[in-house]
Amino acid sequence: MEFIIDELKKLMAIDSPSGFTRRAAEYTMKRLTELGYSPEMTRKGCVLCCLGGEGTPVVFSAHLDTLGCMVASIKSNGRLKLTRIGGMNANNAECENARVYTRDGRVYEGCFQMNDPSIHVNGDYSTQKRDYDGMELVLDEKVFSAEDTKKLGIETGDYVCFDPRTTVTKSGYIKSRFLDDKLSVAILIGLAKQIKEESIKLSRKVYIYITVFEEVGHGCSSGIPSDAEEIISVDMGCVGAGLECKEHQVSICVKDSHGPYNYEVTSRLVELAKKHQLDYALDVYPFYGSDADAALDAGYDLRHGLIGSGVYASHGYERTHIDGVKNTLELVKAYIAEM
């Protein structure tokens with residue numbers, strides 16, 4: 001668990017909204033290589049790695065890309081109008097610190113605020129709509145016009161990355177933006193470490209596939225090994241009204257907005273969770289799509305499933321618990337060690 005949390009913190013320190021994931025993917029390649037594997041990077045920028053084993057190949061996918069924004073235009077006051085990448089809601093990012101990455105390698109800091117954000121000046125502060133038309137990125141630079149900002153090298157299309165604010169409490173709670181889905185990437189790297197160091201005997205051939213572009217819908221639409229028979233997305237488990245899952249549990253999703261997951265796969269996951277006395281929950285996710293869905297949408301002939309540590313406040317300032325991480329890791333291990 002200490003290794004997984006340490007990996008999570010390192011991944012969180014690398015900004016990686018969809019389309020801006022190269023550094024995070026290269027870091028993942030490096031870590032898997034250091035553990036003794038031979039990962040490959042696809043042309044799209046995903047990382048594929050075989051962990052060993054023979055027969056009935058299964059792919060465990062998790063995604064490195066996160067939510068974020070991009071500069072849509074430079075305003076006349078020198079501030080930046082943003083456009084979202086993935087499901088980054090403007091009202092959720094109000095007053096969040098952010099970094100702007102220019103194409104020539106410069107990085108500038110700023111804060112995402114509503115237009116005219118002073119309560120002492122704006123009488124409509126409480127009722128003003130928080131959206132990308134009514135909010136702007138205020139640069140921490142002496143800029144007062146579009147020309148001032150352009151002189152910094154900032155252009156339309158530059159990436160804007162929000163501070164994840166990662167913290168782990170003494171009580172075991174893990175709080176951060178973008179636990180979806182860097183937490184699962186850290187879990188799969190931890191799995192790779194355990195397989196090597198503890199000589200875990202695999203009952204089948206196991207791949208991990210660390211994808212990019214999941215948050216915009218096509219992470220697993222290509223690059224899956226031709227011999228794969230199953231794919232299980234290891235992503236965030238939903239916590240919210242009407243759902244059973246809590247942050248300390250592993251969630252097994254039976255249906256999302258794309259439809260039901262494979263009955264045999266979910267039944268096997270439930271069987272193993274019960275056998276190993278794992279704390280789990282079965283849920284239907286009303287507004288959700290996974291890499292496993294993307295793979296089937298792309299035409300891959302696979303049995304598919306979805307599991308993950310329960311995550312509260314998804315696509316916001318998210319929270320999970322180390323017990324949820326443990327339960328998720330143990331369920332993955334059981335799935336690949338037993339037939």
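Helix α4 is mostly covered, with 16 of its 20 residues buried. The structure is a predicted model.

- Helix α4 comprises residues 179-198, and its 20 residues should span 28 Å at 1.5 Å a residue. The C-alpha atoms at its ends lie 27 Å apart, which agrees with that expectation.
- S199 follows α4 and has a positive phi, near 50°.
- K201 belongs to the loop between α4 and β12, the latter covering residues 206-211.
- K201 is classed as exposed because its relative accessible area is 73%, and the cut-off for that class is over 50%.
- Leaving aside residues up to four places away in sequence, K201 touches I336 and A337.
- A distance of 47 Å separates the C-alpha atoms of K201 and R106, which are 95 residues apart along the chain.

- G68 is part of strand β4, which covers residues 68-74.
- The relative accessible area of G68 is 0%, so this residue is buried.
- Apart from residues up to four places away in sequence, G68 is in contact with P17, R84, I85, M88, V160 and F162.
- S18 sits in the loop that joins α1 (2-12) to α2 (22-34).
- S18 is likewise counted as buried, because its relative accessible area is 4% and the class takes values under 20%.
- The contacts of S18, not counting residues up to four places away in sequence, are D65, T66, I85, Y159, F213, E215 and V216.
- Although G68 and S18 are 50 residues apart along the chain, their C-alpha atoms are separated by 7.6 Å.

**Enclosed cavities**

- The structure holds three cavities of 30 Å³ or more.
- The largest cavity has a volume of about 60 Å³.
- Its lining consists of M12, I14, D15, S16, P17, T66, L67, C161, F162, P164, F178 and K182. By class, eight of these residues are nonpolar, two are polar and two are charged.
- L67, R177, F178, D180, E215, H315, G316 and E318 line the second largest cavity. This lining has two nonpolar, two polar and four charged residues.

**Cysteines**

- A disulfide is a covalent bond between the sulfur atoms of two cysteines. Zero disulfides are found in a search of the whole structure.
- For C50, the closest cysteine sulfur is that of C49, at 7.1 Å, which is too far for a bond. C50 is partly exposed, at 31% relative accessibility.
- For C253, the closest cysteine sulfur is in C238, at 7.3 Å, again too far for a bond. C253 is buried, with a relative accessible area of 0%.

Methods
Residues numbered from 1 in each chain as written. Predicted model: local features only at pLDDT ≥ 70, side-chain atom pairs only at ≥ 80, totals over all residues. Heavy atoms only, no water. Helix = DSSP H or I, 4+ residues; strand = E, 2+ residues; numbered from the N terminus. Buried < 20%, exposed > 50% of the residue type's maximum accessible area, 1.4 Å probe, protein only. Contact = heavy atoms within 4.5 Å. 1 Å grid on protein atoms, 1.4 Å probe; cavity = no way out; pocket = protein on both sides within 12 Å on 5 of 7 lines; lining within 4 Å. Points joined across faces, edges and corners; volume = space filled by probe spheres on them. Nonpolar A, V, L, I, M, F, W, Y, C, P; charged D, E, K, R; others polar. Disulfide = S-S within 2.5 Å. Expected span 1.5 Å × (residues − 1).
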